[in-house]
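Have the structure open as you read.

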Amino acid sequence: MTEKQQFEPRSRARRRALQAIYQWQVTGQDAQEILLQFHAAQDMSGVDQDHFETLVRGISGGQKGLDSELQEFLDRPFSQLDLMEQAVLRIGAYELLHCPGQPFRVVVDECVDLAHRFGSEQGHAYVNAVLDKAAHSWRPEETGHVAG
């Protein structure tokens, strides 16, 4: 199994989670309802379904905490960000804070890719800057940014 094949199910989980989180942000639907809809209506083959559900449940359940954790790295209030950027940043923040087995560089790169594919024109650059700063603050040992 190549490295790409090994990580592809997680990449697909992030893409599906982005769609689900965006739907949750726009509609205010219960996350469990959205998960059920996705399992019924979306092609979930090749998706790391555990990671997909962990992201959707974790982000919807801890949204206020994630948003406040991210705020120190933003140049404006979180609520003023584009909805797609909010969703991508929440995914990145959740993984950086709660999924230590995911290398920070993979999390940042995958979120930048999501923002580039689905966000506003320069959204990917903003997501990269915010998550890179967050990663250095939240994972100093891994990023080599140990204060001292």
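## Helices α6 and α7

Helix α6 (residues 104–118) packs against helix α7 (residues 123–138) at an angle of about 160 degrees, and their axes are 8 Å apart. That makes α6 roughly antiparallel to α7. The cut-offs are these: angles under 35 degrees count as roughly parallel, over 145 as roughly antiparallel, 65 to 115 as roughly perpendicular and the rest as oblique. Axes are lines fitted to C-alpha atoms, for helices over the stretch in contact, with angles from 0 to 180 degrees between N-to-C directions. Helices are DSSP runs of H or I with at least four residues, numbered from the N terminus.

On the α6 side, the contact is made by F104, R105, V108, C111, V112, A115 and H116, and on the α7 side by G123, H124, V127, N128, L131, D132 and A135. Contact here means heavy atoms within 4.5 Å. By class, the contact of α6 with α7 holds eight nonpolar, four polar and two charged residues. Ala, Val, Leu, Ile, Met, Phe, Trp, Tyr, Cys and Pro count as nonpolar, Asp, Glu, Lys and Arg as charged, and the others, Gly among them, as polar.

A word on the source: this is a predicted model, in which local features need pLDDT of at least 70 and side-chain atom pairs count only at pLDDT 80 or more, while totals for chains, interfaces and linings use all residues. Residues are numbered from 1 along each chain as its sequence is written, and side-chain values use heavy atoms, with hydrogens and water left out.

## Helix α5 and its partners

Helix α3 (residues 49–61) and helix α5 (residues 83–98) pack at about 105 degrees, with axes 10 Å apart, so they are roughly perpendicular to each other. H51, T54, L55, G58 and I59 in α3 meet R90, I91, Y94 and E95 in α5. This contact of α3 with α5 has four nonpolar, three polar and two charged residues.

Helix α5 also packs with α4, at an angle of about 90 degrees and with the axes 10 Å apart; α4 and α5 are therefore roughly perpendicular too. Q63, L66, D67, E69 and L70 of α4 make the contact with L89, R90, A93, Y94 and L97 of α5. Those residues divide into six nonpolar, one polar and three charged.

## A closer look at R90

Leaving aside neighbours within four places in sequence, R90 touches W24, Q25, I59, Q63, L66, D67, L70 and F78.

For contrast, turn to D50 in helix α3. D50 is exposed, with a relative accessible area of 64%.

## Two aromatic pairs

How many aromatic pairs does a search of the whole structure find? There are two. Rings of Phe, Tyr and Trp (its six-membered ring) pair if their centres lie within 6.5 Å, and planes under 30 degrees apart count as stacked, over 60 as edge-to-face and the rest as tilted.

The ring centres of F38 and F52 are 5.8 Å apart with planes at 35 degrees, so this pair is tilted. F38 lies in helix α2 (residues 31–41) and F52 in α3, so the pair ties together parts 14 residues apart in sequence. F38 and F52 are buried. F73 and W138 form an edge-to-face pair, 5.5 Å centre to centre with 80 degrees between the planes. This pair links distant parts of the chain, 65 residues apart: F73 is in the loop between α4 (63–71) and α5, and W138 is in helix α7. Both F73 and W138 are buried.

Conventions
Helices (H or I, at least four residues) and strands (E, at least two) are DSSP runs, numbered from the N terminus. Buried means under 20% relative accessible area, exposed over 50%, partly exposed in between (1.4 Å probe, protein chains only).
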